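Subject: Structure for your review

Dear colleague,

Please find below the structure that I am handing over to you. My findings follow it, grouped by topic.

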Amino acid sequence: MSEYATLKRRPILFPDSVSSFHDSIFSLKEELKALVADDLQNKDAYVQTAVEIAIDLRSALADWTLTKLVDDDTRVAASEDLLAFAEGFGCGEAVKAARQEIESIANSSMRKMGDLYRQGKLNTVWGHDYASGLDHSLRRGARWCTSNPCKIQGYKKDFPEKYASLVEQIKRENPGASTADMASQMFTKVCAINARALAPIYEATNGQYGFVCLQVDPREIRNTQAMIDQVHFWNRAMAKELNMDKPNVVYKLPAVEASLPAVKVLLEEGYRLCMTLNFSITQHMAFAELLSKGRDQEYLVLMAGQLDDKIAAELESKGVADAKVIARHGSEAVMRKSYRMLAQRGYKNLSIMSAAVRGPWHIQNSMAPVDGAPFLITTVTGKVEEFDANPTPLASIIDQPTEEKYMEVLKQSKVFNQAYSDPEEGLLTWEDLFSYPPFVGFFNNFTAAYQEIEDELNRLKDLGYTMIVGDVVTTRI
């Protein structure tokens with residue numbers, strides 16, 4: 001969806017009143033008519049906005065505000081009116097595709113999971129784990145969006161022209177800035193696109209959801225003050241970019257020793273935090289006590305898929321049959337134990353956020369009971385489609401023990417034992433993390449991606465350039 005369509009969505013899907021809802025639809029159609037009349041060559045692009053909002057009206061986006069104001073018949077009628085409007089401009093193929101998307105949304109298990117959460121029957125919610133493609137997720141109930149250096153690189157690959165435009169904006173708006181600050185501004189620019197789309201959800205939930213996660217520079221993973229400084233930088237930059245006193249951002253810090261004092265400082269200053277590069281009970285419990293003092297819901301990531309991948313590799317090296325399937329129960333066991341321990345310690349404002357989803361089993365493993373803290377999943381469009389195509393029961397299982405037949409095999413893995421052990425056992429020290437296989441894999445990827453972003457901005461800082469992404473060549477003078 002274009003940023004223009006996102007802007008026009010807001011007064012229709014998040015209206016102040018029934019009358020403003022109807023007025024906004026009428027105004028949109030009149031505006032689109034005028035745009036088409038002035039620029040008939042781009043008719044389809046303009047009319048697509050009506051099509052997109054017609055889909056939104058039949059999606060989870062309507063559940064935040066609109067369904068509290070208008071009944072279903074009125075909402076569906078408004079959607080049909082916009083589709084008929086598009087048909088009148090000869091956009092029949094776009095309307096046909098819209099109807100297919102509306103049907104897909106109606107049958108989505110991910111959306112149904114969100115419905116069960118609102119009904120108080122399940123305590124699991126989910127977010128979008130990519131820097132673009134947010135609308136597919138929002139329409140199926142996603143409540144936030146995450147980012148990291150690899151996601152920003154993915155945005156550049158998917159949208160080279162848009163990325164090049166952002167580079168030009170950053171150069172123009174930050175004359176004389178350091179390359180490091182320019183790289184931070186690239187995160188600001190890309191994440192702000194999603195933050196604007198999420199802002200109505202942020203307002204509708206009084207800040208509980210509708211946020212974007214911004215991850216600090218992984219190269220400064222041992223530097224407490226550098227992490228604090230970057231959060232301060234981003235908070236100022238996002239407030240300015242979004243024109244919000246308190247931007248809808250949660251700041252991601254790595255779950256390493258140097259972050260302990262950073263978390264204490266940032267929580268006292270009122271920032272909302274999420275601990276990433278997290279694979280173990282030891283890491284979760286080390287930060288739980290600190291995070292529990294936060295004023296908002298705070299988050300402990302568990303990078304489930306990466307943990308399972310490394311457990312599987314170790315089990316395969318030992319000749320274990322079906323190692324990949326058995327390893328899926330590794331992160332399952334760690335999540336369930338951590339969830340239980342957090343509940344026992346009374347940390348109601350802490351949620352586990354399961355990331356690096358590899359398949360439907362990771363989503364199913366995250367189904368939580370209604371009497372505890374919400375459990376979060378962050379995933380990508382492909383995995384959502386896979387889950388919707390092969391749905392599993394939408395019922396709480398996180399409070400069940402992992403089957404002993406799997407535990408017996410998992411305990412052959414040092415990686416699993418380090419992840420599953422209690423902190424007091426000392427199987428995973430802070431220094432061990434930097435050689436711990438699951439940690440090393442993601443840390444190296446994050447570091448390389450961040451360095452690439454900064455290196456490219458350094459090359460382009462004072463010069464025109466030609467940027468090559470895949471088969472696309474973009475030239476700037």
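I begin with a helix contact: Ser259, Leu260, Val263, Lys264 and Leu267 in helix H12 meet Ala286, Phe287, Leu290 and Leu291 in helix H13. By class, the residues of this contact divide into seven nonpolar, one polar and one charged. Please note that the model is a predicted one.

Helix packing

H12 covers residues 259-268, and its axis comes within 10 Å of that of H13, the two crossing at roughly 20°. An angle under 35 degrees counts as roughly parallel, and H12 and H13 are therefore described as roughly parallel to each other. Their crossing is right-handed.

H13 (residues 281-291) also packs against helix H15 (residues 323-344), at an angle of about 25° and with the axes 10 Å apart. H13 and H15 are therefore roughly parallel to each other as well, and H13 passes H15 in a right-handed crossing. On the H13 side, the residues involved are Ile281, His284, Met285 and Ala288; they meet Val334, Lys337, Ser338, Met341 and Leu342 of H15. This contact comprises six nonpolar, two polar and one charged residues.

Loop residues with positive phi

Leu277 lies in the loop between strand S4 (273-276) and H13. Its phi is near 50°, a positive value in a residue other than glycine. Is Leu277 buried or exposed? With a relative accessibility of 2%, Leu277 counts as buried.

Asn243 is another non-glycine residue with a positive phi, here near 55°. Asn243 is placed in the loop that links helix H11 (224-242) and strand S3 (249-254). Its relative accessibility is 72%, so Asn243 counts as exposed, the threshold for that class being over 50%.

Thr379 belongs to strand S7 (residues 375-379) and is buried, with a relative accessible area of 2%. Leaving out residues up to four places away in sequence, Thr379 touches Met110, Trp126, Gly127, His128, Asp129, Val357 and Val384. Between Thr379 and Ala355 there are 6.5 Å from C-alpha to C-alpha, although the two are 24 residues apart in sequence.

Gln153 is part of helix H8 (residues 149-158). The relative accessible area of Gln153 is 13%, which means that this residue is buried, as the limit for that class is under 20%. Neighbours within four places in sequence aside, Gln153 is in contact with Tyr163, Ala449, Glu452 and Ile453.

Cysteines

How many disulfides does the structure hold? The count is zero. For Cys150, the closest cysteine sulfur is that of Cys191, and at 13 Å it is too far for a bond, because a disulfide requires a pair of cysteine sulfur atoms within 2.5 Å. Cys150 is partly exposed, with a relative accessible area of 29%. Cys91, by contrast, is buried, at 7% relative accessible area.

With kind regards

How values were computed: Residues numbered from 1 in each chain as written. Predicted model: local features only at pLDDT ≥ 70, side-chain atom pairs only at ≥ 80, totals over all residues. Heavy atoms only, no water. Buried < 20%, exposed > 50% of the residue type's maximum accessible area, 1.4 Å probe, protein only. Axes fitted to C-alpha atoms, helices over the stretch in contact; angles between N-to-C directions. Helix = DSSP H or I, 4+ residues; strand = E, 2+ residues; numbered from the N terminus. Parallel < 35°, antiparallel > 145°, perpendicular 65-115°, else oblique. Left-handed = near helix turned anticlockwise from the far one by under 90°. Contact = heavy atoms within 4.5 Å. Nonpolar A, V, L, I, M, F, W, Y, C, P; charged D, E, K, R; others polar.
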